[in-house]
Amino acid sequence: MSKLKGINDVKLGPKILIILLISALALGFITYTSVKSLGALSDDLIQSLYEETHMSTYWIISADRDLYQALEAKLLMEQHRDAESLKKYKEMFVENANQAKDRMNKAKEIIETNESLFMQYKHKESNKSISQLFDQFDKDYTFWMSLFNENEANLEYQEKYIVAFEDARGEVNEITEILEAYGEEAMAKANDMVKRINLIILGI
């Protein structure tokens, strides 16, 4: 009873101050935990974008470089017809062509684990989805490789070979553009979400 009386004896001013202090502490705690949650959300988003777009784009760009190096090796084979040069550039061709396929497969594996995220995106010109482009690349790459002939060097063969190469590389380029579009849209949505959460925090 004496304790209760002691509380009742406190003047109104100090009572309000105590209430305000408790409210301020509660608000500070809520704001702190909200900011921490927002930071964790941002970290998760960055990690997700890194895994989904950066790594897959890295492998695709690497594959693109390997394709060009394979093409360069094939063209060098046509310019240097001695046995030693043919052996050297053929090995260079095979190594880079195989690396290109391996790296495209690595990118495909990453994307397939998050396939639902990318299904809504289609290339603005070909209107193909990312999975359709990977399938088409496999077909065009196989056809391009089937044309390889170290003994062919005539103009008609070269033109056919270059067209097959550009077809395969075309899918590589379109896949990259879809990934870029996805990354830009995902980041824009994330920034918008962060702004909304900030407004909610400020309005507490």
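**Exercise 1. Burial and surface**

Work out what share of the 204 residues in the chain is buried.

*Solution.* This is a predicted model. Count a residue as buried when its relative accessible area is under 20%. Buried residues then make up 32% of the chain's 204 residues. Next, turn to the surface. The chain exposes about 13100 Å². Carbon and sulfur atoms supply 58% of that area.

**Exercise 2. Secondary structure and contact range**

State how many helices and strands the chain has, then describe how far apart in sequence its contacting residues lie.

*Solution.* Start with the elements. There are six helices and zero strands. Along the sequence the pattern reads α-α-α-α-α-α. Now take the contacts between residues at least 6 apart in sequence. Of these, 78% join residues at least 24 apart.

**Exercise 3. Helix 3 against helix 5**

Determine how the axes of helix 3 and helix 5 are arranged, and which residues meet where the two helices touch.

*Solution.* Two packed helices are described by the angle and the distance between their axes.

Step 1: distance. Helix 3 spans residues 83-112 and helix 5 spans residues 130-146. Their axes come within 11 Å.

Step 2: angle. The axes cross at roughly 165°. Angles over 145 degrees count as roughly antiparallel. Helix 3 and helix 5 are therefore roughly antiparallel to each other.

Step 3: handedness. The crossing of helix 3 past helix 5 is left-handed.

Step 4: residues. Helix 3 brings F93, A97, N98, K101, M104, A107, K108 and I111. They meet I130, F134, D135, F137, D138, Y141, W144 and M145 of helix 5.

Notes: Residues numbered from 1 in each chain as written. Predicted model: local features only at pLDDT ≥ 70, side-chain atom pairs only at ≥ 80, totals over all residues. Heavy atoms only, no water. Helix = DSSP H or I, 4+ residues; strand = E, 2+ residues; numbered from the N terminus. Buried < 20%, exposed > 50% of the residue type's maximum accessible area, 1.4 Å probe, protein only. Contact = heavy atoms within 4.5 Å. Areas by Shrake-Rupley, 256 points an atom, 1.4 Å probe, with all protein chains shown as cover. Axes fitted to C-alpha atoms, helices over the stretch in contact; angles between N-to-C directions. Parallel < 35°, antiparallel > 145°, perpendicular 65-115°, else oblique. Left-handed = near helix turned anticlockwise from the far one by under 90°.
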